[in-house]
Amino acid sequence: MRTVDRLPQIFWDDGQPWPEANLFSLEVARNREVKIETLTRLMEHLHKYAIWLEQEQIDWRHFPQTKAERVLERYRGELVDSRDHGYLRPSTTTARMRAAIRFYRYAAGRQFISRDAPKWQDKAVVVRYFDTAGFERTMNRLTTDLSIPNRARPGLRLEDGLLPISRQHMTELLQFAKENCSEELHLMLMVGFFTGARLGTITTLRVQALEDALRDPDVSGMWSIPVGPGTGIATKFDVEGHLMIPDEWMTMLKKYAASPRRLDRVIKAPQNMSYLFLTRHSNPYSVAAVDREMVTLRRSGQAAGLKFLQAFKFHQTRATFGTWLATICLEKASVKASVEFVKRAMHHKDASTTFRYITFIEHTEAKIEVANAFTQAFLGLQTR
C-alpha cells in the first residue's frame with residue numbers, strides 16, 4: 001500500500017473532520033499517476049466548497065426534488081455570480097465545479113449518498129482533436145449539466161465584463177435604495193460607488209479599521225484604510241492597498257457602526273462584532289446574501305420605473321467608480337500618472353487591468369460627466 005506524505009485533509013469550523021472528503025483525498029493519493037501538488041489543488045477547491053456549505057448552513061447531501069434548492073445547483077449559481085463579479089477567474093470557476101462533481105461521483109460510488117439522488121444530468125459530448133501525426137480524432141467524454149465552461153467574454157470590456165452606469169442612474173438608484181432597501185445594502189452600494197471597492201472587500205470591512213483610519217496625506221478630505229493581508233479585509237488576489245473614503249462617507253459609516261440597529265445584531269452574535277455589516281441573522285454578509293437582496297432591489301426598482309435596474313449588477317458600482325476616476329485623472333494628468341493613480345486606488349494587481357479603463361474611455365463616444373463638486377470633495381485632485 002502506498003504511503004502518502006502531506007495528505008491534504010478538510011476540517012469543519014468546529015474542528016471535526018469531513019470523513020468522506022478526507023477518504024476521497026486518500027484514495028486519489030494512492031493513484032501513483034496523481035502528483036501530490038495536483039491532489040492539493042483538487043482539495044483546495046473542495047475546501048472552498050466546504051467553506052461555502054458552512055456559510056450557507058446547508059448539508060452537502062441536500063438533494064430535494066426542487067432543482068433550484070439542490071446544493072450543487074446553488075453552489076453553481078454562487079460560482080457563476082463570483083465569476084461575473086470578477087472575484088473568480090473563469091478557469092478557477094470551472095475547476096471548482098469540476099472538483100465538486102468529481103467528489104460527488106466518488107461519494108455516490110462508495111454509497112455515501114444515494115446513487116439515485118437527483119444530483120445532475122449526465123450527457124455525452126464528442127471532443128475533436130489532432131494527434132501528433134496531424135490526423136483529426138474524436139473522443140467521447142462524459143459531462144454534466146452543472147459543468148461551467150471556461151469561456152472569456154469577447155469585445156472591449158472592463159475587468160469584470162460589466163459597464164458603468166450614468167451619474168443620473170446612480171443618483172436614482174441610491175435614493176431608491178435608501179427608501180426601499182435595508183440600510184446595510186444602501187451603505188454597501190454607497191461604498192461601492194464612491195470607493196470602487198469590490199463586494200468581497202465591502203462585506204469584510206471591520207469597525208476597528210474605521211477607528212484606525214488615517215487622513216490621506218495627499219488628498220484633501222479623504223481617509224485611508226489599509227486592506228488586504230493582515231487586515232482582515234479581503235482583496236482579490238490578496239493585493240495590499242488602501243481604501244480611500246471621503247469625509248462624508250466616513251462619518252456615515254461610523255454613525256452606522258454605533259447605531260442601535262447594528263448593536264442589536266452584535267448582541268445576538270458577539271463573535272461577529274468586528275464586522276461592520278451584519279445580516280438580520282447577525283452573520284457577516286456573503287456575496288450570495290448581498291445578491292439575494294439585489295434581486296429584490298431589481299424587482300422593486302423596475303416596478304417603480306427604474307428600468308435600467310433590469311440588468312444592474314452590484315459590481316457595476318466598481319466599474320462606475322473606475323471609469324469616473326480614470327476620466328478625471330486623464331483630464332488632470334498624463335496617461336502614465338493616471339494609470340498609476342487608478343491602479344493604486346482600485347488595488348489592481350497588474351497595470352494591464354487598469355489600461356482597460358483607459359482604453360474603454362478612449363473608445364467611448366461620450367465620456368461620463370463628473371460634477372466639479374465631486375472632483376473637489378471626492379478626489380481633491382485640483383489641489384494636489
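## Ala-351 and helix H14

Ala-351 is found in helix H14, residues 351-362; helices here are DSSP runs of H or I with at least four residues, strands are runs of E with at least two, and both are numbered from the N terminus. The relative accessible area of Ala-351 is 26%, so this residue is partly exposed. Buried denotes under 20% relative accessible area, exposed over 50%, and partly exposed the range in between, with a 1.4 Å probe and protein chains only.

Neighbours within four places in sequence aside, Ala-351 is in contact with Val-339 and Lys-343, contact meaning heavy atoms within 4.5 Å. Val-339 stands 12 residues from Ala-351 along the chain, and their C-alpha atoms are separated by 7.1 Å.

## Basis of the model and overall composition

The model is predicted: local features need pLDDT of at least 70 and side-chain atom pairs count only at pLDDT 80 or more, whereas totals for chains, interfaces and linings use all residues. Residues are numbered from 1 along each chain as its sequence is written, and side-chain values use heavy atoms, with hydrogens and water left out.

The protein contains 15 helices and 5 strands. Of its 384 residues, 48% count as buried. Among contacts between residues at least 6 apart in sequence, 60% join residues at least 24 apart. The protein exposes about 20600 Å², of which carbon and sulfur atoms supply 49%; accessible areas come from the Shrake-Rupley method with a 1.4 Å probe, and for residues only the protein chains shown count as cover.

## Nonpolar cores

A nonpolar core is a set of buried Ala, Val, Leu, Ile, Met, Phe, Trp, Tyr and Cys residues joined through side-chain atoms within 4.5 Å. The largest such core has 48 residues, of which Leu-189, Ile-225, Leu-276, Phe-277 and Phe-314 touch the most other members. At least two residues of this core are supplied by each of helix H5 (167-180), H6, helix H7 (199-202), helix H8 (207-211), E4, E5, helix H9 (247-257) and H11. H6 provides the largest share, 8 residues.

Apart from neighbours within four places in sequence, Leu-276 is in contact with Leu-205, Arg-206, Val-207, Leu-210, Leu-253, Tyr-256, Ala-257 and Arg-262. A second, separate core of 40 residues includes Ala-21, Leu-42, Val-71 and Ile-113.

## Helix packing

Helix H6 (residues 183-195) packs against helix H11 (residues 287-303) at an angle of about 95°, with the axes 11 Å apart. Axes are lines fitted to C-alpha atoms, for helices over the stretch in contact, and angles run from 0 to 180 degrees between N-to-C directions. H6 is therefore roughly perpendicular to H11, a term for angles of 65 to 115 degrees; under 35 degrees counts as roughly parallel, over 145 as roughly antiparallel and the rest as oblique. Leu-185, Met-188 and Leu-189 of H6 meet Val-290, Glu-293, Met-294 and Leu-297 of H11. The residues of this contact comprise 6 nonpolar, no polar and 1 charged; Ala, Val, Leu, Ile, Met, Phe, Trp, Tyr, Cys and Pro count as nonpolar, Asp, Glu, Lys and Arg as charged, and the others, Gly among them, as polar.

The axes of helix H1 (residues 19-29) and H4 come within 10 Å and cross at roughly 95°, which means that H1 is roughly perpendicular to H4. From H1, Glu-20, Ala-21, Leu-23, Phe-24, Glu-27 and Val-28 meet Arg-102, Phe-103 and Tyr-106 of H4. This contact divides into 6 nonpolar, no polar and 3 charged residues.

Glu-56 lies in helix H2, residues 36-56. With a relative accessible area of 14%, Glu-56 is buried. Residues up to four places away in sequence not counted, Glu-56 touches Arg-74, Ser-286, Ala-288 and Arg-292.

The axes of H2 and helix H3 (residues 71-84) cross at roughly 105° and come within 11 Å; H2 is therefore roughly perpendicular to H3. Glu-56 takes part in this contact with His-45, Lys-48, Tyr-49, Trp-52 and Leu-53 of H2, and H3 contributes Val-71, Leu-72, Arg-74, Tyr-75 and Glu-78. The residues involved are 6 nonpolar, 1 polar and 4 charged.

## Loop residues with positive phi

Most residues other than glycine have a negative phi. Gln-111, although not a glycine, has a positive phi of about 60°. Gln-111 is placed in the loop between helix H4 (90-109) and strand E1 (122-130), and counts as exposed at 61% relative accessibility.

Asp-238 also has a positive phi, near 55°. Asp-238 lies in the loop between strand E4 (222-227) and strand E5 (241-246), and its 56% relative accessibility makes it exposed.
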